[in-house]
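The following exercises are to be worked through with the sequence and the model at hand. Each task is followed by a solution in steps.

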Amino acid sequence: MYLTLITFNFNSARIPGACLRAFEGKRLTVKAPPLPWRVMKLLEEETTKGSDLRRILAGLVCFLVYTRSRCRDATKLQSEPKVDMANDVDGYIEVQAAAVKTTRGYKKRRLGLPVAGPARGLSDSPWALPWLEARKKLYLTCDERGVLMPAKGPGHSYVDGVAMTAPQFTEILQHLLVDVGVEPSVAKRFSSHSCKATVLSWAAKYGLTLQERRLLGGHAKPGDKTPLEYSRDALAGPLHAVNGMLADIRSGRFDPDSTRSGRWSCLLYTSDAADE
């Protein structure tokens, strides 16, 4: 009995060619869609009514959306967010994060990164204050649990010090969407990734610059690192622009869920006036 030794030439150009042909058969990548603004308005209203747990879960969705945060980063936060209100309605919710996914290098890992967003979104009243109040009422604050949102363990109990995972949050998000009137088949399209994409998608359609959207998403070009380090509040301008965008959505002037030709009501009014 003879054994045949088969050798492979891994330097052959046939290998990358075969890989590329196999990759061409892969299905098109489907990104998680942003949440519709009318659905976001309903979720904000959930923070002011219903049970305390429902307010907490709906508020968590709002927090991820308006701070443009990844679920895995936000749920691991160890400091309780605070609200800075200029009046009874408008303001910001903010907290300092130790590190996020895009943090690289040992020096940057010791720098606190600001996580901030509008405390009022698309409803008439701010969502952030009732969310924080419900968290205190159910002892789900960072001081009590060690993380912003603990994971669900056996028996649906919370596990202190262990952050909620993205799949767990996705399941909660889809249940909330169904509860506010979204069809179950449609709700399944959304995931935790939809939260970070929502405001950034609206901002792109609204016309915010690439630099503003990059800062809102927590990214920066290598050449901008030093100016950003000394600016102390690089998010001030982009957040001001986001507030203007939300005001236009509330007033009906801008609809990010409409088609390209129908997003701006002022353009439609101008066209109608010209026809007359």
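**Exercise 1. Locate Y139 and R68, and state for each whether the residue is buried or exposed.**

*Solution.* The model is a predicted one.

Step 1. Y139 belongs to the loop that runs between α5 (128–137) and α6 (142–145). Its relative accessible area is 53%. Exposed means over 50%, so Y139 is exposed.

Step 2. R68 is located in the loop between α3 and α4 (71–74). The relative accessibility of R68 is 5%. Buried means under 20%, and therefore R68 counts as buried.

Step 3. The backbone deserves a remark. Most residues other than glycine have a negative phi. Y139, although not a glycine, has a positive phi of about 55 degrees. R68 is not a glycine either, and has a positive phi of about 55 degrees.

**Exercise 2. Describe how helix α3 packs with helix α7.**

*Solution.* 

Step 1. Helix α3 comprises residues 52–66 and helix α7 residues 166–179. Their axes are 11 Å apart and meet at an angle of about 110 degrees.

Step 2. Angles of 65 to 115 degrees count as roughly perpendicular, so α3 is roughly perpendicular to α7.

Step 3. On the side of α3, the contact is made by R54, L57, A58, L60, V61 and L64. On the side of α7, it is made by F169, I172, L173, L176 and D179.

**Exercise 3. Determine which residues of helix α2 are buried, and where around the axis they lie.**

*Solution.* 

Step 1. Helix α2 covers residues 37–46, and its buried residues are W37, V39, M40, L43, E44 and E46.

Step 2. These residues cover an arc of only 160 degrees around the axis, so they lie on the same side of α2.

Step 3. The partners of the buried residues of α2 are α3, α7, α9 (193–206) and α12 (236–251). Two of these partners, α3 and α7, are the helices whose packing was examined above.

**Exercise 4. Classify the aromatic pairs that Y206 forms with F254 and with W264.**

*Solution.* 

Step 1. A pair of aromatic rings is described by the distance of the centres and the angle of the planes.

Step 2. For Y206 and F254, the centres are 5.1 Å apart and the planes are at 70 degrees, which gives an edge-to-face pair. Y206 is in helix α9 and F254 in the loop between α12 and α13 (265–275), 48 residues apart, so the pair links distant parts of the chain. F254 is buried, with a relative accessible area of 1%.

Step 3. For Y206 and W264, the centres are 5.2 Å apart and the planes are at 35 degrees, so this pair is tilted. It also links distant parts of the chain, since W264 is in the loop between α12 and α13 and the two residues are 58 apart. W264 counts as buried at 17% relative accessibility.

Step 4. The structure holds six aromatic pairs. Elsewhere, ring pairs link F63, Y66, W127 and W131 into a cluster.

**Exercise 5. State how far D90 is from S125, and A234 from P114, in sequence and in space.**

*Solution.* 

Step 1. D90 lies in the loop between β1 (82–85) and β2 (91–97). With a relative accessible area of 36%, D90 is partly exposed.

Step 2. D90 and S125 are 35 residues apart in sequence, while their C-alpha atoms are 8.5 Å apart. D90 touches M85 and R120, leaving aside residues up to four places away in sequence.

Step 3. A234 is in the loop between α11 (225–231) and α12, and is partly exposed at 26% relative accessible area.

Step 4. A234 and P114 are 120 residues apart in sequence and 9.6 Å apart in space, C-alpha to C-alpha.

Methods:
Residues are numbered from 1 along each chain as its sequence is written. This is a predicted model: local features need pLDDT of at least 70, side-chain atom pairs count only at pLDDT 80 or more; totals for chains, interfaces and linings use all residues. Side-chain values use heavy atoms; hydrogens and water are left out. Axes are lines fitted to C-alpha atoms, for helices over the stretch in contact, and angles run from 0 to 180 degrees between N-to-C directions. Helices (H or I, at least four residues) and strands (E, at least two) are DSSP runs, numbered from the N terminus. Angles under 35 degrees count as roughly parallel, over 145 as roughly antiparallel, 65 to 115 as roughly perpendicular and the rest as oblique. Contact means heavy atoms within 4.5 Å. Buried means under 20% relative accessible area, exposed over 50%, partly exposed in between (1.4 Å probe, protein chains only). The arc is that of the directions from the helix axis to the C-beta atoms. Rings of Phe, Tyr and Trp (its six-membered ring) pair if their centres lie within 6.5 Å; planes under 30 degrees apart count as stacked, over 60 as edge-to-face and the rest as tilted.
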